[in-house]
Each structure stands twice: as structure tokens, then as C-alpha cells.
Amino acid sequence: MKPLDIPRLAKVMAIANDPNAPKGERLAARARGETMVAAAGYAPSDADTLAQAVAQPDAASFFSGFEDAMEEREPGYKARKAAEQSERLRKRAEERIRIIRAYGSEEAAKAPTVLEKRVLEAVQPFIRVKKWREGKEKGEYETLLGWTVHDFGKPCPPRVQKVIENALPMPTTIAHAWEEYCCWELREHELDHVIGGVRPEFTPDWYLADACAHRRNIVRELLEHGLRARSVSEILTRIEHLNNTGCLDVEEYAQALIADLNSLRENLENLA
């Protein structure tokens, strides 16, 4: 297989997708691009996604002066950073392709999973559409009785909270909480790549539906401090999660771990 020349592919696919280019030229460019990706071991349909993985210069920003200074101090700095960006984009493009292939199509990858369907069906009666306007731009977005998961500091309406909690069996052990939490995290990762694309406009937490994101948050609280560990294995699961999220030094979570250990000690003493 030939290594894929992504900058060249990007130029070819730019012609293929240029509405002002003659039709014959667009078709020829697309065929050339698909041949390039096929020769590198990808499916021809991956051409558009992979073409987005080319590094692009950032618009003028506050950091432009810093980058110029670094280039003067370390010749090749900008080229190295561009190569790193290109590699990140390539990996993101390949991950998007992998996810879509696993589901069979982009539409199937975007469609709600079994867990999502259960939660979304439960909150359907509470969906309210709100309008927004910013300058000349305007649009609509869905809320849950006027609430969204991004309304930080504002609690979820009690009726909505209840149906989300009851949409699926609530975990009763840390092991079960960890299993469900991982499912939501994986789904967020998938939607971030499939909907967000190679160059996402938003952070990953914007792609999971509000009701599903809130269910994930509820389960996360159980995982972090809401349930008592029943074994050393569950304590280690909690510690691993807190360590991975950088929350081991949060007092509330530290107290939960202490309570876990005390509970386990009491159980062992009762067996003695």
C-alpha cells in the first residue's frame, strides 16, 4: 500500500467539491481522490473525510505573535506544529471512519442506540422548543421543560429527573454504575467523531442528547460517591475513575473512599 499524501488529497477533493468547477472536472477529481485513498488501504468513500485531515494555518489570533517568536527562537517550530496538527486530524479522521464502518453507515452511527432510545422516549412528553437569536442569526433548540444539561447551576426539573432515573434500571453497585457510565462515554466519543466530524465546532459533550447526558451525570455521581463499595475490586474501580478524571483530591470523593474502606472493614469484622 502507498502512504497517503493528505495535502495532495485535500487539493484534489477541493476540486471535486467545488460547485463552480465543471462537472467533468469534479468527477475526474473525485475519481482521482478515491483512487488515492484506495491505494493507501482505505475505502473510496473515505476520501472526503481524510481530505479534512490536512493541517491548515490558524486565523490571526492572540497567539500569532507567540508562534512567530517561537519560530525565530526554534527554526522549524511552525512546521513541527503543523505536522502534529495534521497527525491529530488524521487519527481523528481514521477513528470516524472506523466508527461508521462498525455501524454500517453514517446514518446508522447517528441513530439512537438502545440505551438512548429508552431515555429519549421517557422524556418525549417534556420536550419544549425554544428560539434563539444572536445578531442576524436565529434558530431553535430543544429543551426539557425549558432546561438543558448546559444550564450549569440550574437543577433539572423534578419531573424530568424522575423519568430519566426510571428510564433504565438504576445501578445498585459500583460495578454496574461503571458499566453504564462507560457506555455513555463511548457513545459520546462516537457522536463527537461522527457528527462533529474531523474538525468539530463544539466540545464532545454537545453531541449527546441532554436527557442522555443527564442520565450519564446521574450515574457518574453514583460511581464517584453515591454508592458504597462492596469489595476491594469496586474500591479500585472508583479510585481508577477518580484518578483518570483528576478528581482524587476532591474532598467529597475522598470521603466516599474512606467510607468505602470503613464499610469493608466492618463487613470483615462481622465475619470474624
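Tutor: In α9, the buried residues are Ile174, Ala177, Glu180, Tyr181, Trp184, Arg187, Glu188, Glu190, Leu191, Asp192, His193 and Val194, where buried means under 20% relative accessible area, exposed over 50% and partly exposed in between (1.4 Å probe, protein chains only). Before we go on, please note that this is a predicted model, in which local features need pLDDT of at least 70, side-chain atom pairs count only at pLDDT 80 or more, and totals for chains, interfaces and linings use all residues. Residues are numbered from 1 along each chain as its sequence is written, and side-chain values use heavy atoms, with hydrogens and water left out.

Helix α9 covers residues 174-194; helices here are DSSP runs of H or I with at least four residues, and strands are runs of E with at least two, numbered from the N terminus. How far apart are the end C-alpha atoms of α9? They are 30 Å apart, which agrees with the 30 Å that its 21 residues should span at 1.5 Å a residue; the expected span is 1.5 Å times one less than the number of residues. An α-helix has 3.6 residues a turn, so residues three or four places apart point the same way.

What covers the buried residues of α9? The cover includes α5 (77-103), α6 (106-110), α7, α10 (210-226) and α11 (232-244). For a detailed example, turn to Glu116, which sits in helix α7 (residues 114-123). Glu116 is buried because its relative accessible area is 5%. Its side chain and that of Arg187 are joined by a polar contact of 2.7 Å (a pair of N or O atoms within 3.5 Å; within protein, one must be able to donate a hydrogen and the other to accept it, and residues adjacent in sequence count only if both atoms are side-chain atoms). Leaving aside neighbours within four places in sequence, Glu116 is in contact with Ala111, Trp184, Arg187, Leu191, Leu208 and Cys212, contact meaning heavy atoms within 4.5 Å.

For contrast, look at strand β1 (residues 127-134), which is hardly covered: the count of buried residues among its 8 residues is 0. Strand β1 pairs with strand β2 (residues 137-144) in the antiparallel sense over 8 bridges; strands pair if DSSP finds at least two bridges between them. Within this pairing, Trp132 stands opposite Gly139 in β2.
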